[in-house]
Amino acid sequence: MTSPKRNIESRPLTRRTFVRGTGAVLAASALTFPRHVHAAGDDTLKVALIGCGGRGSGAAAQALSTSGSVKLWAMADLFADKLDTSLSALCTGQDAQYDRAAHKGLAGRIEVPPERRFVGFDAYKQAVDSGVDVVILTTAPHFRPIHFEYAAQQGKHVFMEKPVAVDAAGIRRVLAAAEVAKQKNLKVGVGLQRHHDALYEETVKRIHDGEIGEVVYQRAYWNGSGYRVRPAREAGMSEMTYQLRNPYHYTWISGDNIAEQHVHNLDVCNWIKKAHPVTAQGQGGRQVRIGPLFGDIYDHHYVEFTYEDGSQLFSQCRHMTGCWSSVAEFVVGTKGKAEVNAGRIETGADTWRYRGPKTNPYQVEHDRLFEAIRNGQPYNEAEQGAISTMTAIMGRMATYSGKAITWDDALKSELALVPDRYDFDGTPPVLPGPDGIYPCAVPGVTKVL
């Protein structure tokens, strides 16, 4: 261990029906196949952490807690202080965001000397190229397509957090990189961890087995108090730096809360349907979380999604204190109903409840990914992650515009949420007005396609 120092079509989901129309796969030059994942006689998997916030530290700890020899070999972030804090937390087992116990006893698996700590917009390339086998992508969602694309080009296995993009252009880029990863036999995990939660797995299986009949409609919620707010900017801080230090509150960085958080619930509903919605319409806005500190995202979204078979998904997400809170998914079928997050199914007088073991899905998703890497098993969750993220983006398009949006139109959108350049002195795509308040989308006016 080294101590830290400052220095498409709406059919059932298949690869073909979703990838069609997403654009060409990356250039043939990117298809050079990588070396074997281990050096001869050494089964150690070397890991790079790219994005050193709380979720990144948690993901690194979970990767290091998988079976077999694993080392944290390199770290990268936009900001040196975040990297230092993360490395210190991992080395000492303190201040772990998700599972503090998971961080204990990991110091011997951490080997990140100063020369393998990288800072800045190009830090991800340096980390990927530092001799690692696996990269963990946990930066703000805006950067996910860029980083995933490069990792796939360089022949690295990947774990990336959700959402996997903030706009349709990013989704298309992720799908192209996913194809490269498949051709190179790279393994890709995505942080939609409910797929690795035993309660969800059993409940969804029972729905798929017909226990509640045909699905008529679903309800999904992520209603809570909202993200933490960064205080007013420091003197001399550039606009780009300020926004990147306060990422959740800017659509171009986070995708808005419908993508950044509510994607989990939408992912579960797509999983249940084995399909994505074909249309979305809804409404949203800013009612409570307004002012210079809250960027340009909405504080509430309501979307009605419709699937090809006519069944619907009624979706809510909200950031307001003192209000009803819920993070849940409900399904109504022709024979019964399910409260998926609670592991509960009701069919007439009968009620089934999940009584099986409790698992830590954050750990299980890494256990399964690393097992696939070691055993050469097929494992690529990138398309699933792209589908669910695109569902959230389509919902945001509907609330921002106030119009009905189709899947095909949404996926073809050329609207890209990007700054003029990736530099701390660059210009973000949204700027505050004279009163310091950021303009937000106006339904009926804002163009989203």
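Which helices each supply at least two residues of the lining of the second largest pocket? In this predicted model, the helices that do so are α9 and α13, the latter running over 382-401. Of these, α13 gives the largest share of that lining, with four residues.

Let's stay with that pocket for a moment. The second largest pocket holds about 390 Å³ of space. A total of 21 residues line it, and if you want to find its centre, look for T251, D296, Y400, L415 and L417, which are the closest to that point. What is the make-up of the lining by class? There are 14 nonpolar residues, along with three polar and four charged ones. As for the idea behind the search, rolling a probe the size of a water molecule over the atoms shows where empty space is left.

Now for the backbone. Where does the cis peptide bond involving P163 sit? The bond runs from K162 to P163, with omega near -20°. To locate P163, go to the loop that links β5 (157-160) to α6 (168-183).

Carry on past α6 and you reach N185, in the loop between α6 and β6 (188-190). N185 is not a glycine, yet its phi is positive, at about 60°.

You'll find D256 in the loop between α9 (251-254) and α10 (257-260). Is D256 buried or exposed? Buried means under 20%, so at 0% relative accessibility D256 counts as buried.

Finally, a word on confidence. Averaged over the protein chain, pLDDT comes to 90, and 88% of the residues score at least 70. Which stretches fall below 50? One of them is residues 1-16, which has 50 contacts in the model beyond near neighbours in sequence. Residues 19-41 also have pLDDT below 50, and that stretch has 41 contacts beyond near neighbours in sequence. Where pLDDT is low, the predicted coordinates should not be read in detail. Keep that in mind if you zoom in on residues 1-16 or 19-41, where pLDDT is below 50.

Key: Residues numbered from 1 in each chain as written. Predicted model: local features only at pLDDT ≥ 70, side-chain atom pairs only at ≥ 80, totals over all residues. Heavy atoms only, no water. Buried < 20%, exposed > 50% of the residue type's maximum accessible area, 1.4 Å probe, protein only. 1 Å grid on protein atoms, 1.4 Å probe; cavity = no way out; pocket = protein on both sides within 12 Å on 5 of 7 lines; lining within 4 Å. Points joined across faces, edges and corners; volume = space filled by probe spheres on them. Nonpolar A, V, L, I, M, F, W, Y, C, P; charged D, E, K, R; others polar. pLDDT = per-residue confidence, 0-100. Contact = heavy atoms within 4.5 Å.
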